[in-house]
Amino acid sequence: MHDIRAIRENPELYETAWAVKGKSGVAAEAIALDARLRAAKLALETAQSRRNEASKLIGQAKAKKDEAEAQRLMAEVEQVKGVLAEQAEVERAAADALQDLLSQMPNIPLPDVPAGADEHDNVEVRRWGEPVAIANPRDHVDLGERLGLIDFEAAARMSGARFVILKGQIARLERALGQFMLDLQTQQHSYTEVSPPLMVNDAAAYGTDKLPKFAEDLFKTTDGRWLIPTAEVPLTSLVMGQIVAEEDLPMRFTALTPCFRSEAGASGRDTRGMIRQHQFYKVELVSITTPEESEAEHERMVGCAEAVLRALELPYRTMLLCKGDMGFGARKTYDLEVWIPSEGRYREISSCSNTGDFQARRMDARAKKAGEKGTRYVHTLNGSGLAVGRTLVAVMENYQEEDGRIAVPKVLQPYLSGATHIGAPR
């Protein structure tokens, strides 16, 4: 959500930023709605003041037994009541229209976010690791099916497309990845593990900017709740409607949860394999911090996500997203892209975003410093640390061996009872 005062003070900033997303003229529209809203409030205040004054004068007139004046004033009060009702409706309509308009507008990027229209204009910040040369690399689907441990056909029979069944050692490898990620973030990076609800209400989905814009990308239950598309929603909502002590910031939360996405806009994309699924596991990272510390916290979060890939010895690159490719709620985003041998390219495996006070305004999350009266909005940040399914894909493909087996990364071997390989030589 946006501060209308900031839009009034610098409309060009908002107009320019929103034009990149194909939204022109919105700043002027918002300012016009705000002017209507403020005018209605002023009219209400004026009418209320006159009603109170007239009511007082009625008593004085009756005390003087001036019945004619009393009747005139009572008629005026009735007239003012009509004005009050009319202006209250104008105020409500203007407030609703302004709220609806601003709730659909994306965040404003930070000054150091590069210009650009799409992913082709993103900027590589750094690269780690060298892709290992693999002669005729198999993709994860072929690898898993040859081992008899991945079954897309059975999943399709019971659930439809974009689902998968993992068995045996591959299922255990997926579980190991999630547990390793959680252990790393909680034991080395001071995140607090949370086991959150997997369904949330409208307020939580709206507060984390998933509603109303992304309703089609979510799954909704018959009683009106939403299946979480990411644990960002419940983790960030821990401070929804709260005033937290500024001395307790930063708060850092992590969770390993299933995530559910309809992939409404992904028709025809990544239809083979596990890259884009309706259901998948992800370790989420969320930070709640002060405005002064949010940029440093963002860089720290990216480093925490990168640490997973480095520990797994998976080649990756870190990309700074351009203005046109950033998500709705972000003011700055880094994507981590891991090397996928079968595709001969890097694919997104984590997205870490600083939303500033954008979500905090929507969910009314504030902080208060000890000894001070006022409060201010917190800053919220979220990132994947990492998407477990895509990490599984990267491990299977980067650790494949010529005999058909998959080597187990060293850091995962303790989670698999010391196993060094998955599958028998073929």
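Modeller: Let's start with Asp335, whose bridge partner in strand β12 is Ser351. This is a predicted model, in which local features need pLDDT of at least 70, side-chain atom pairs count only at pLDDT 80 or more, and totals for chains, interfaces and linings use all residues. Residues are numbered from 1 along each chain as its sequence is written, and side-chain values use heavy atoms, leaving out hydrogens and water.

Strand β12 covers residues 345-354. Strands are DSSP runs of E with at least two residues, helices are runs of H or I with at least four, and both are numbered from the N terminus. Seven of the ten residues in β12 are buried, where buried means under 20% relative accessible area, exposed over 50%, and partly exposed in between, using a 1.4 Å probe and protein chains only.

Now look at the neighbours of β12. On one side, strand β11 (residues 332-340) runs antiparallel to β12, joined by nine bridges; two strands count as paired if DSSP finds at least two bridges between them. β11 and β12 make a hairpin with four residues between them, and Gly344 in that turn has a positive phi of about 65°. Strand β15 (residues 379-387) also pairs with β12 in the antiparallel sense, over three bridges. As a general point, strands of a sheet pair through backbone hydrogen bonds, either parallel or antiparallel.

Next, step back to the whole sheet. Its eight strands follow the order β1-β10-β11-β12-β15-β9-β8-β4, and this open sheet has mixed pairing. The edges are β1 (123-128) and β4 (192-193), each of which pairs on one side only. Glu193 stands opposite Thr254 in β8.

Two helices lie against this sheet. Helix α10 touches β1, β8, β9 (279-289), β10 (316-320), β11, β12 and β15, and its direction makes about 5° with that of β15. Helix α12 touches β8, β9, β11, β12 and β15, with its direction at about 35° to that of β15. Contact means heavy atoms within 4.5 Å. Axes are lines fitted to C-alpha atoms, for helices over the stretch in contact, and angles run from 0 to 180 degrees between N-to-C directions.

Helix α7 (residues 168-187) meets α10 (residues 294-311) at an angle of about 130°, their axes 10 Å apart. That makes α7 oblique to α10; angles under 35 degrees count as roughly parallel, over 145 as roughly antiparallel, 65 to 115 as roughly perpendicular, and the rest as oblique. Their contact includes Phe180 and Met181 from α7, and Cys304 and Val308 from α10. By class, eight residues in this contact are nonpolar, one is polar and none is charged. The nonpolar class is Ala, Val, Leu, Ile, Met, Phe, Trp, Tyr, Cys and Pro, the charged one is Asp, Glu, Lys and Arg, and the others, Gly among them, count as polar.

α7 also meets α12 (residues 388-398): their axes come within 10 Å and cross at roughly 115°. Among the residues that meet there are Leu173 and Met181 in α7, with Leu392 and Val395 in α12. This contact has eight nonpolar, two polar and one charged residues.
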